[in-house]
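Hello,

Here is the structure I promised to pass on. Please have it open while you read, and my notes follow below.

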Amino acid sequence: MHTERTMTTATPSQPGLSLYPHLLAPLDLGFTQIKNRVLMGSMHTGLEDGRDLSKLAAYFRERAVGGVGLMVTGGFAPNIAGWAKPFAGTLATSGAARRHEVVTQAVHAAGGKIALQILHTGRYAYHPLAVAPSAIKSPISPFKPFELSARGVERQIRAFVNCAVKAREAGYDGVEIMGSEGYFINQFLAKHTNHRDDAWGGDYSQRMRLPLEIVQRTREAVGPDFILIYRLSMIDLVPGGSAWDEVVTLGKAVAQGGASIINTGIGWHEARVPTIATSVPRAAFAWVTQKMKAEFKAAGLSTPLVTSNRINTPEVAEQLLAEGSADMVSMARPLLADAEFVNKAAQGRSDEINTCIACNQACLDHIFVNKLTSCLVNPRACHETELVYRPISELKVQRKRMAVVGAGPAGLTAATIAAERGHEVHLFDAAPEIGGQLNMAKVIPGKEEFHEMLRYLKRRVETTGVQLHLNTAVNAADLQGYDEVIVATGVSPRDPRIEGQDHPQVLSYIDVLRRKKPVGGKVAIIGAGGIGFDVAEYLVHEGHSTTLDLPAWQAEWGVTDPAAAPGGLRPEGPQPTPPAREVTLLQRKQGKLGDGLGKTTGWIHRAALKMKRVKMVGGVNYERIGAFTDGTNPAWGLLVSYGDKRENPTWIACDNVVLCAGQLPLRTLADELLAMGRKPHLIGGALEAGELDAKRAIDQAARLAARL
Ligand code: FAD
Ligand code: NAP
Ligand code: SF4
């Protein structure tokens with residue numbers, strides 16, 4: 001039973017207490033106290049797999065040092081059937097428990113607390129031994145699960161309980177039972193995945209028996225003084241999902257059955273509503289936890305509730321806690337982005353927080369291709385032992401005078417890390433502001449978080465003592481007297497060489513996004529890479545971003561109160577507003593447009609543009625741009641043909657053609673330096689433009705600056 005929060009007053013060492021009194025207040029669970037309201041949500045990193053968990057220990061140790069109240073590991077399976085993929089991290093034996101001690105000891109030595117997440121994937125398993133309440137294949141795994149017998153169900157429950165006991169043996173402060181996101185437990189709850197007619201299926205009281213038995217029997221086995229978090233799916237976002245009264249019934253039963261904390265789960269993995277991508281409004285689902293708070297209050301239950309999803313700043317977290325939406329906030333990716341998030345907030349340095357921009361590019365997207373997780377804005381995440389920014393004084397390295405040319409993400413990262421390590425760094429950019437292409441990314445509706453990245457990088461320039469020279473185009477002759485020169489000059493747009501492209505109605509993405517040239521009502525976009533998609537978003541929204549307008553975003557994706565419709569999906573489906581323009585997006589390749597976009601976000605971009613009626617056309621040849629006659633009327637537009645034989649020539653009538661045909665490295669400066677016999681370091685777009693993104697630019701820059 002937790003006691004009400006105690007407000008603490010700000011001290012000179014913790015000036016942030018007056019700014020974030022609710023966030024920084026301890027939470028008393030009776031048998032233990034959590035030092036603040038930050039729960040680091042479970043994230044699979046890839047460090048969980050294998051026998052040596054020392055890198056996982058280093059990763060959690062940094063976050064414990066950084067002040068997080070309670071951390072939850074990525075999911076560990078309680079048995080082989082529950083594996084997410086073959087040989088996924090499992091905790092079932094005392095031998096395995098001993099291997100985890102390196103993690104728990106590292107966290108405790110740093111003053112932190114950590115719970116282990118027990119994850120049974122059920123029919124989401126990516127292996128042939130999958131089990132589920134019924135033999136119904138999921139849309140996200142090729143393996144049809146085996147239907148469990150009643151004895152099989154019993155074996156799974158015992159595996160959960162055993163896993164919790166082993167977690168305690170390993171020194172964990174608690175466990176989180178994963179009951180949401182469409183995994184095993186959720187599959188028992190929903191009618192469309194549970195077709196059983198025995199004691200584990202049928203009406204809701206039988207379908208919810210599984211989680212209840214797991215919670216009650218786990219509590220009995222681990223004793224009263226062990227944190228037991230239950231992750232409850234509060235809004236399933238799938239057809240046939242739970243009704244609100246069912247969710248409330250389960251929440252209350254789980255609380256009474258022994259859960260110390262209830263965490264919020266949002267949406268099944270197979271849901272067609274984005275739940276954590278950058279275009280989702282901040283704290284977009286906190287209202288669901290708030291609804292549950294009201295139910296708990298009315299029932300006299302004081303089990304703390306955790307709210308979750310797209311909470312990435314201390315201000316947002318504080319507001320949610322202050323208005324009583326929840327007792328704790330879960331932040332997962334924001335703590336990948338900045339291990340010191342909590343301490344910085346407590347010290348009144350929240351302007352120095354490296355904010356998670358919710359891009360998924362180095363975290364979730366990596367996991368889906370079996371790559372180690374990291375973070376676009378913090379390449380040290382999950383690489384704590386190998387990417388270390390050591391001060392040059394410690395390494396007894398000579399202080400160097402360095403020039404970094406280009407203040408895009410690559411140049412900014414290299415300059416600030418090198419300066420932080422102790423070098424004298426001069427950073428030059430021809431533009432009047434830092435950020436390079438990020439200044440175009442930030443104007444795309446749904447990409448507002450790029451403002452945070454620029455805020456952070458600007459502050460880093462100030463705190464690390466980089467000498468910044470804006471409005472300064474640099475040539476090789478300007479770079480005498482530097483020990484090291486880093487060229488981070490970025491890219492130039494590729495010239496697609498299409499007949500007629502010199503016409504004033506033909507614009508580049510830079511004309512549209514940076515120079516804000518006027519654009520007519522009908523547009524053809526040449527190139528459907530990341531920038532083509534972004535330009536299309538920009539043109540169909542015309543200044544209105546649903547990311548900043550929660551009701552409009554909910555209507556756009558068809559989300560509603562689960563009390564009004566089971567699963568929280570509007571029966572009438574998505575209701576997007578009409579597009580501001582008629583846009584045609586084109587590429588030469590055959591096949592689906594946007595195939596190269598992020599693994600976990602590409603479908604969102606495609607669905608968003610389809611809702612705005614953007615025509616997506618692949619397999620075209622660009623024949624020419626110019627005037628033509630449409631019937632008897634004079635018109636202007638783009639002539640395309642199809643296939644190798646250039647068949648079916650078709651005019652696309654439009655007011656403007658926008659070129660988004662890729663990029664080439666901008667190497668003028670590097671070539672000049674090389675011609676003079678200098679040996680510059682090239683990073684980011686200046687080195688290689690193919691498949692360039694900010695993730696690669698920042699990672700390269702950090703690794704270079706760490707070793708100079
Ligand atoms: P740049 O950002 O191009 O910076 C180069 C800098 O060098 C510029 O500021 C330029 O003024 C300066 N410069 C050049 N020559 C000189 C000189 N001689 N003297 C002084 N200064 C000079 N990436 C992602 O990872 N995720 C996204 O969601 C994403 N969205 C994007 C959306 C848009 C609309 C655009 C345009 C890009 C997006 N990108 C995204 C790509 C990302 O912005 C680039 O990959 C990244 O900015 C490249 O970094 P860079 O530092 O190498 O170069
Ligand atoms: P891109 O992703 O490489 O796409 C270039 C597009 O131009 C492709 O659709 C390509 O398709 C077309 N193209 C290439 N050569 C052409 C030619 N000669 N004539 C006409 N069309 C041509 O590059 P980008 O869109 O410029 O983006 C630049 C980088 O920024 C990318 O690497 C991307 O990763 C990054 N970015 C990322 C995001 C994100 O959300 N993660 C967003 C924006 C940008 P065809 O060859 O089939 O015609
Ligand atoms: Fe956040 Fe992107 Fe980093 Fe993932 S990669 S933690 S989404 S900033």
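This is a predicted model: local features need pLDDT of at least 70, side-chain atom pairs count only at pLDDT 80 or more; totals for chains, interfaces and linings use all residues.

Around ligand 3 you will find Arg333, Leu336, Cys356, Ile357, Ala358, Cys359, Asn360, Ala362, Cys363, Cys375 and Leu376.

Five strands make an open sheet with parallel pairing, in the order 15-14-13-16-27. Strand 15 (467-469) and strand 27 (681-682) are at its edges with a single partner strand each, so one side of each has no neighbour in the sheet. Helix 14 (residues 409-421) packs on this sheet and touches strand 13, strand 14 (424-428) and strand 16, and its direction makes about 165 degrees with that of strand 14. Within the sheet, strand 13 (residues 401-405) pairs with strand 16 (residues 484-487) in the parallel sense over four bridges. If you want a spot to look at, Met402 has Glu484 in strand 16 as its bridge partner.

There is also an open sheet of three strands, ordered 22-23-24 and paired antiparallel. Its edge strands, strand 22 (620-630) and strand 24 (647-653), each pair on one side only. From one strand to the next, the twist averages 30 degrees. Ten bridges join strand 22 to strand 23 (residues 633-642) in the antiparallel sense, and Tyr622 has Val640 in strand 23 as its bridge partner.

Best wishes

Notes
Residues are numbered from 1 along each chain as its sequence is written. Chains are lettered from A and ligands numbered from 1 in the order in which they are written. Side-chain values use heavy atoms; hydrogens and water are left out. A residue is near a molecule or strand if one of its heavy atoms lies within 4 Å of it. Two strands pair if DSSP finds at least two bridges between them. Helices (H or I, at least four residues) and strands (E, at least two) are DSSP runs, numbered from the N terminus. Contact means heavy atoms within 4.5 Å. Axes are lines fitted to C-alpha atoms, for helices over the stretch in contact, and angles run from 0 to 180 degrees between N-to-C directions.
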